[in-house]
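Morning, everyone. Please look at the sequence and the structure on the screen. I'll be quick.

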Amino acid sequence: MTTQSNNKLYITTPIYYVNAKPHIGHAYTTIVCDIYARLNKMLGYDVKFVTGTDEHGKKVEQSAVNSGKTPQEFTDEISQLFRDLLVTINANNDDFIRTTEERHKKSVAFFWRKLQEAGYIYLGEYSGWYDMRNEAYFNDDELIDGKSPLGGEVTMMREPCYFFKLSAFQDKLLAYYEEHRDFIYPDSRRNEVISFVKSGLKDLAISRTTFSWGIPVPGDEKHVIYVWLDALVNYITVNGYPDNQQQNDGYWNNAIHFVGKEIVRFHAVYWPAFLMAAGIPLPKQIVSHGWWISNGEKMSKSLGNVQDPNKYCKLFGSDSFRYYVLREMSFGEDGNFSLPSFINRYNSFLANSYGNMCQRVLSFIYNKCDGQVKKVSLDGEYQDFLNNIDKEIQDGYDLAQKYQFNRYLEKVEKAASIANQFVDSQKPWAIKDDAELLNKILYTMVAAIIKITKAISPVTPIAAEKLLSFIDASGDVVKVSQPEVLFNKIDETQDFDVYGD
Ligand code: ME8
């Protein structure tokens, strides 16, 4: 994150298509946003975090028909699955937007009129290769082996349609990227976007007449508004547009859109151009991550090679699922999702390193010290040790603010390993006749455990709350109640069903 002009922060996930059930990819982006939101709340920011579902378009209409339902019934059902997933993964969102809601239809129609009044919309005819899976048109020269550059099958389509004068924004966009070097993260995506824009922007088809499941074009209801224009506007609808027309409430100029790498172009080219045309300031940043790969292919609803986040959370708890996805993926690159690596990371850090350390220190205090340690002032190696822990944690936060989420967790893990080494070398269980020394070591360890637990709490909020509930540090004496094991070790020889339909 770059410098803040105030302490507000607005965090968004893409709004997910409701053409099929949510999978690990969707869970991932939402978890990243949730963790980023929780971390920044903890660090004192006033954070708004929103997610939702993208419910219009031909693809959704067709999925509804295929399942024998009306589009509304179908979208109600699938949108609910995305809401349920939020509970399952323990996401603490402030709002959930559906593009079929009245507030959104009103917002999109208003936005359309703004573009029109500003002279950026005209009526023409469109023909091109249409990728239904990705709801986008392509030219001949963009196809790769007869498929769209996004990998979908294409068909030739011709229709009367409204165009947005995207070509008028080429120079403005390039100037904007130049002046706002952090606008697109990471740099590799920024470079791709810049070369795409430099290669020339054509006007964009922004209405359709070949289906009806969408928001009607104001004043010409044979047309429905292009699903991407409709969908992108969600980010301001949910922030009060059109009542909050200028979006000058402090959240919008600190808005961060987290997206997968395949939709950067929509967010970093089309969306800023639409906003410029409508006279609305741009969000702060587009932050893109890579794909979860399953057997060498992108995990996706259309390809049907999905692992089920619900099953992981049910079997192993949401905290550990959140920890795994954040730790395993080098943010920005692709990551391979597998059960063996899940179990391996869970056992080695959550169960053995962090969980076991908390358990052995707190149960020792509970069993051998009447559940009490006196608060004492610390110096020398004790204070140095805690300073080291603080340093790792602060480095971790700094990395998380730069979206290096796996490295943030590496720092927390390092802090836990320093704490484990400390307690191993101090051997409190071997001290028989120096109550003061024993107390000092245990008090130091309790302080370290609290620090590490707070540092990881955005990732594992349930375990953190539980752990902190065993410790009452409000008085002169720290009281420890009987601890429970936070993360039971997983038996890797057991069979677990983690695949979805
Ligand atoms: O694109 N790995 O919706 P969508 C990682 N409605 N992340 C993945 C993933 C994977 N294999 N698969 C999906 C849309 N995602 C539009 C967005 S926004 C105005 C409109 C995540 O349901 C990732 O965030 O296809 C990706 O960008 C998003 O889900 C796509 O979800």
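I'll cover the ligand site, then a helix pair, then a few backbone details.

First, ground rules. This is a predicted model, where local features need pLDDT of at least 70, side-chain atom pairs count only at pLDDT 80 or more, and totals for chains, interfaces and linings use all residues. Residues are numbered from 1 along each chain as its sequence is written, and side-chain values use heavy atoms, with hydrogens and water left out.

Now the ligand. How many residues surround the ligand? There are 25, counting a residue if one of its heavy atoms lies within 4 Å. The closest are Ile15, Thr29, Asp54, Glu262 and Trp292.

What is the make-up of the shell? Twelve residues are nonpolar, nine polar and four charged. Here Ala, Val, Leu, Ile, Met, Phe, Trp, Tyr, Cys and Pro count as nonpolar, Asp, Glu, Lys and Arg as charged, and the others, Gly among them, as polar.

Where do they come from? Strand S1 (8-17), helix H1 (24-42), helix H7 (227-232) and helix H8 (234-237) each supply at least two. S1 gives the largest share, four residues. Helices (H or I, at least four residues) and strands (E, at least two) are DSSP runs, numbered from the N terminus.

Next, polar contacts, meaning pairs of N or O atoms within 3.5 Å. The side chain of Asp54 places an N or O atom 2.7 Å from a ligand nitrogen. For His26, a polar side-chain atom sits 3.3 Å from a ligand oxygen. Gly25 uses its backbone: an N or O atom there is 3.4 Å from a ligand nitrogen. As for cover, the protein takes up 96% of the 670 Å² of accessible area that the ligand has on its own, by the Shrake-Rupley method with a 1.4 Å probe.

On to the helix pair. H1 returns here, with helix H13 (residues 380-401): their axes come within 11 Å and cross at roughly 130 degrees. Axes are lines fitted to C-alpha atoms over the stretch in contact, with angles from 0 to 180 degrees between N-to-C directions. H1 and H13 are therefore oblique to each other, as angles under 35 degrees count as roughly parallel, over 145 as roughly antiparallel, 65 to 115 as roughly perpendicular and the rest as oblique.

Last, the backbone. A cis peptide bond joins Tyr185 and Pro186, with omega about 0 degrees. Pro186 lies in the loop between strand S7 (184-185) and helix H6 (187-198). Tyr241 and Pro242 are also joined by a cis peptide bond, with omega about 5 degrees. Asn90 is not a glycine, yet has a positive phi of about 60 degrees.

Notes: A polar contact is a pair of N or O atoms within 3.5 Å; within protein, one must be able to donate a hydrogen and the other to accept it, and residues adjacent in sequence count only if both atoms are side-chain atoms.
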